[in-house]
Amino acid sequence: MGRLTSLSLKSMKYKLSEPVGSRGDGALLFEKRNSGAIEAYYRYKHAGKERKIKIGRYQQTRDGAGYSLASCRSRAQELARLRRECGGGLKEHLQATELERQRQETAIVKQAEQEAMKGTLKDLCDSYVANMWRQKKKSARQVETCLARYVLKPFPTLAATKAAEITAGDIVSILKRMIENGITTTSNRVRSYLHTAFEYGIRSDNDPLHQVEQAQYFLLDHNPVSAVPRQPSFERVRERYLDHSEIKALWFDFGKAMTRRSPVYGLMIRFMFATAGNRPEQLSHCRWSDIDFNKRIFSFIDSKGKDGKPKKRVMPLTNRAVKILEQAKMFSGSSDWVFSVSNDKPIRVSTLANRLEDYCDYLESDKKRPEQAERFTAKDIRRTVTNLLIECGIPREQRFLLQSREDGSVESKHYDQSDRLAEKRVAIEKYDALLEAILYP
């Protein structure tokens with residue numbers, strides 16, 4: 001076999017070939033098709049059998065498609081070199097190489113797709129808050145407002161950054177800005193919200209429900225907030241509680257201070273005292289269907305607790321509590337809600353807080369009081385009742401029963417609150433006797 005020329009290829013009938021290199025290196029083969037097209041191959045022998053690797057179409061004219069004779073020779077020489085390097089199994093080597101190329105290409109495409117699906121810090125915060133709303137968490141609105149006010153709006157660049165790329169330093173910059181602006185206690189809250197959001201993000205990647213609803217990944221391998229310490233010095237533990245004279249004044253004078261407001265707010269405060277200081281957000285959502293006047297009990301759903309699972313609480317009603325409910329019935333009209341200023345919804349706890357603020361304003365404006373006590377909130381009423389329960393000697397376990405608290409014990413975690421109704425009745429009657437002595441000394 002001699003060296004081929006463009007002229008010899010032009011006049012070829014079926015096949016022509018030329019050696020690639022030295023003996024055993026194979027040959028460059030050209031085959032002519034019925035259509036007149038010429039295909040170039042690298043031909044070699046392996047394990048006693050002749051094999052061919054296609055190079056491509058030969059370029060028969062200057063402007064035609066395909067490879068020139070020089071390009072075909074160069075490719076054949078490259079294949080011969082590869083054949084020597086891989087030990088002879090060229091076709092298998094090329095197939096394996098092509099499979100690896102496809103695998104890498106697929107991995108690159110998948111990585112790009114995952115990158116496009118990776119959620120930003122804003123996506124993470126939004127998804128976390130949406131999950132809170134879905135679970136009907138009462139703090140959902142507060143968390144949503146705080147994250148928007150202190151994280152997403154002041155830091156738009158961080159908000160648009162992939163959540164997986166957020167560092168502990170980024171979290172520090174968020175909290176540092178708050179502290180510099182004098183926002184201390186809330187900075188601990190925001191840190192807690194961000195920490196929980198990242199924990200949620202870590203779990204959500206493996207949550208099929210999240211993938212169905214969001215089709216979004218965060219690909220978090222750690223929680224960047226964990227490395228940022230909480231500031232204990234920013235936590236101001238409130239110790240405010242009302243003394244006996246303040247309790248009596250609140251009971252009888254609240255209505256005088258709220259002459260332009262609905263009496264329902266005052267009845268709600270009295271009901272908090274009469275039912276041993278249960279949380280206003282729980283009591284405000286009580287419906288008339290939750291009251292059993294014959295059994296003298298009422299029930300509500302408690303969503304508080306470490307596990308966050310709603311629980312039904314059943315509480316006893318004293319004569320005092322029943323009278324308050326009878327008065328509330330006069331104002332609720334046809335509403336399903338016990339404490340309502342409109343027929344379609346219960347009173348808002350935030351509005352109740354405003355009424356207590358108004359009452360504190362009333363106390364401060366009363367010139368007959370030369371020394372004013374510290375202002376108080378609805379939470380202080382609950383703390384006040386706790387002190388009264390202690391004052392009248394009710395044991396800790398019964399106090400927890402009456403105020404829907406969990407002490408962390410196995411018993412408090414698993415018992416049905418209604419099963420210990422008799423204990424609650426004994427405890428609340430003892431407490432009610434002290435309340436009677438305070439109101440009518």
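Biologist: How do you know that the span of helix H10, residues 244-257, agrees with its 14 residues?

Modeller: In this predicted model, the expected span is 1.5 Å times one less than the number of residues, so the 14 residues of H10 should span 20 Å, and the end C-alpha atoms, which are 19 Å apart, agree with that.

Biologist: Which residues of H10 are buried, and what covers them?

Modeller: The buried residues are Glu246, Ile247, Ala249, Leu250, Trp251, Asp253 and Phe254, and their cover includes helices H11, H13, H14, H15 and H18.

Biologist: Why is Glu31 called buried?

Modeller: Buried means under 20% relative accessible area, and Glu31, with a relative accessible area of 7%, therefore qualifies. Glu31 is found in strand S2, residues 27-32.

Biologist: What makes the pairing of the Glu31 and Lys52 side chains a polar contact?

Modeller: The cut-off for a pair of N or O atoms is 3.5 Å, and the side chains of Glu31 and Lys52 are joined at 2.9 Å, so the pair counts as a polar contact. The side chain of Glu31 makes a further polar contact, of 3.2 Å, with the side chain of Arg33.

Biologist: Which residues have the most contacts inside the largest nonpolar core?

Modeller: They are Leu250, Phe271, Phe273, Phe298, Phe339 and Tyr431, in a core of 54 residues. H10, H11, strand S6, H13, H14, H15 and H18 each supply at least two residues of this core, and H11 gives the most, with nine residues.

Methods
Residues numbered from 1 in each chain as written. Predicted model: local features only at pLDDT ≥ 70, side-chain atom pairs only at ≥ 80, totals over all residues. Heavy atoms only, no water. Helix = DSSP H or I, 4+ residues; strand = E, 2+ residues; numbered from the N terminus. Buried < 20%, exposed > 50% of the residue type's maximum accessible area, 1.4 Å probe, protein only. Polar contact = N/O pair within 3.5 Å; in protein donor to acceptor, adjacent residues only side chain to side chain. Contact = heavy atoms within 4.5 Å. Core = buried A, V, L, I, M, F, W, Y, C linked by side-chain atoms within 4.5 Å.
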